Every structure is written in C-alpha cells, then in structure tokens.
Amino acid sequence: MVMGLPRFGRPKNADELSSNLFVANCGQAVGISDNDIVSVFCKFGELNGVYAADDSGTRVIVSYSEVSSAQSALMALHGKPCPQLGGRSLYIRYSVLQPNPQDQVKDLVSVSMTALDLNIPGLYLVHDFVSAKEEEELLQAVDSRPWNCLAKRRVQHYGYEFCYDIRNVNTKRCLGELPSFLSPILERISSCPTFKNVDPDSIVLDQLTVNEYPPGVGLSPHIDTHSAFEDLIFSLSLAGPCIMEFRRYEDGDWRPRVASSTVTKVESPEDGSNCIKRAIYLPPRSLLLLSGEARYAWHHYIPHHKIDKVNGRVIRRASRRVSFTIRKGAIGMPLPRLSIGCTIAAQRNRPSSRLFWTAKRYLR
C-alpha cells in the first residue's frame, strides 16, 4: 500500500547502505498497482511500507525493517526484467529519510540547565518541584475538566479569565476560588527555600492558566501583560520538557555588564535591532519563577519545535506538555514594586514588538 509522502533523498556517501530503496519505472502511472509492488518486494524481508517518491506516479520508495533486506532486493532486481511486473526493468538505488524541516533545530543559543547558569536576576528554577505521582494526579485533575480550544493549543482558566483578544484579565468575570488540586502547590511555593529572598507578602496568587501544548507548538516572544498581573509569575511544567528562550532588546536600561557563554547576540530579521538571547531547559515537574528583571525586561519564548537540542543532546518533545501558570491579577490596583515607563514600539501582539524600559528601582 502506497502511503503518504515522507521526505527521502540520496545518501551523502555513495557507498552508504540504507533500509530504504528508491525504485524508478514503477508505480500506478505505468500500470503497476500497490499490491503488485508489495508482492514483489516482500519476498526479501519485512516491509515498513511503500511510499510515493514524488507526484509522477512512476517512482516509489520501498522501506524495509532491515538494511540486509534492502540490499538483497537491490541486488536481485536492479536493472533486470521483472516477470511479475510484465517484464518491466526496475532501476533501484538506496535512499535515506530526510528530517522534516519542522524537526530541524538551530543550535544558536547555549542552553542552561540551572537558573544560576542562566544569570538573569529574578529568575528561579526548582527541579522536581512535584513528584511523578503528584504530576499524574494533577494531569488527571485537569483532564477531568473541560478544555477551551485555541488555534493550536488547549487552555483552562481559574480565578480570573485571561482574554487573549485584549491581552488582559476580564475583571468583570470572577471564576471563583482556585481549584483544590492547586492548594498543595501554593503551600509548597510559600515555604520553598529557593524563594526565601522573595517578599512573602507578594506570594498571594489568585489566577491560574493551564496550557496544553502538542508537539511542535510553542509560544511567541512576549512579556506577560504588566497591567494585568503583579510581579510574580510561576510556571509549573508537567508531562513533557521544553526549552524556554529569553530575549532582551538593547534599547532598555537593564543590560548585562559582562557577556557569558550562555548569551548570544542576534539581529532581529524584521527591524534590524539587536537583542540578547539566553535559554534554559525546563524538565517535567520543574517550577519556574519570573520576577523583577526576568519578569519585566525579558521576553520569554518557547520555540515551535518537535525536537530540542540541549548542548549536543537531541531531546524529542513528548506527546503533550502541560503548564500551570500561576499569577496574581493586578485588578483595580497600580503596579507595585517597580516604576516602569514603557513605549510600545510596534503592535503589541507581534513578536517584533519591544518595550522600552526605564526601570528606576524597586519600591519597598
């Protein structure tokens, strides 16, 4: 059975063997059915499938489970009349599966494994903040409740609804108290030693957004709306890992005095402005906190990849990643703790938008 159109190409080396064969002068356009192709090639070993090599109808890819099977078929059939196919001669060579462009990862930024290595003030990362059993229970809890479907992901809102069209909290609609399954997480946050330097009075959280990301779906660069939420943004990763990148545009007053190996200076393809990029690996069950400079001065971003490259290691994303984003809504309140003057440089909902910051000081 001819299936799909995976990407195949010539091996880089002429003597490279493969379990896949490119077969020319074979296909429905020359009167050879799918069943005929399978009946000829299955004699040499177990088949993974037969694929159309292109849209011509005269070339196919025959994929075997073993390289030895492909080698036997090539030696027996290449350039020779095949009685089962009406005496037609087949022209065969090895072929290799090419990576999908969506799966190719640009290794542009070194990926930090800890917040200390990342060196962004106000950013904290706690590994194994919940156990595997707690992770499973949290996923079961949200899966038992209705999801709202966005274009590429599913969401749930608790406490207050975040309206994506206006990028703000709907102050007219309180959804009630936060769900009971979140209570142990909130208690652990308030007593976590990693956050000992965080003002305990500020850890009063009343809004939860649950996001479910399928493979290949991420987030565009953004800063959580400062008029909608107060200083602390917590994010709990469940079910799957990802890389989170951070970008700070050099127009602002907060600049690193010394560049480190985890920093890459890049040029924006849209407006030519320079920015600093850093990245951190978020494993399942880890808790991220963005506060202060990390919260207000750095755009955060999850690349739209199915595969992440972490310091030479290729990590495939899971079938889903679920995040709990926990915040305090700044409802009817001025922004505390930070005096910020900002100018919107472009449309707020575009990745090229930047905020120009004058971060005067923390107010106590």
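**View 1. The cysteines form zero disulfides by the rule used here.** A disulfide is counted when a pair of cysteine sulfur atoms lies within 2.5 Å. Such a link is a covalent bond between the sulfur atoms of two cysteines. The model is predicted: local features need pLDDT of at least 70, side-chain atom pairs count only at pLDDT 80 or more, and totals for chains, interfaces and linings use all residues. Residues are numbered from 1 along each chain as its sequence is written, and side-chain values use heavy atoms, leaving out hydrogens and water. Cys192 is buried at 11% relative accessibility. Cys275 is buried too, at 4%. Buried means under 20% relative accessible area, exposed over 50%, and partly exposed in between (1.4 Å probe, protein chains only).

**View 2. Arg327 sits in strand S24, residues 321-329.** Strands (E, at least two residues) are DSSP runs, numbered from the N terminus. Arg327 is buried, with a relative accessible area of 7%.

**View 3. The side chain of Arg327 makes a polar contact of 2.8 Å with that of Asp224.** Another, of 3.1 Å, joins the side chains of Arg327 and Thr209. A polar contact is a pair of N or O atoms within 3.5 Å; within protein, one must be able to donate a hydrogen and the other to accept it, and residues adjacent in sequence count only if both atoms are side-chain atoms.

**View 4. Arg327 touches several residues beyond four places away in sequence.** Among them are Leu205, Phe229, Leu232 and Ile233. Contact means heavy atoms within 4.5 Å.

Definitions and conventions
Helices (H or I, at least four residues) and strands (E, at least two) are DSSP runs, numbered from the N terminus.
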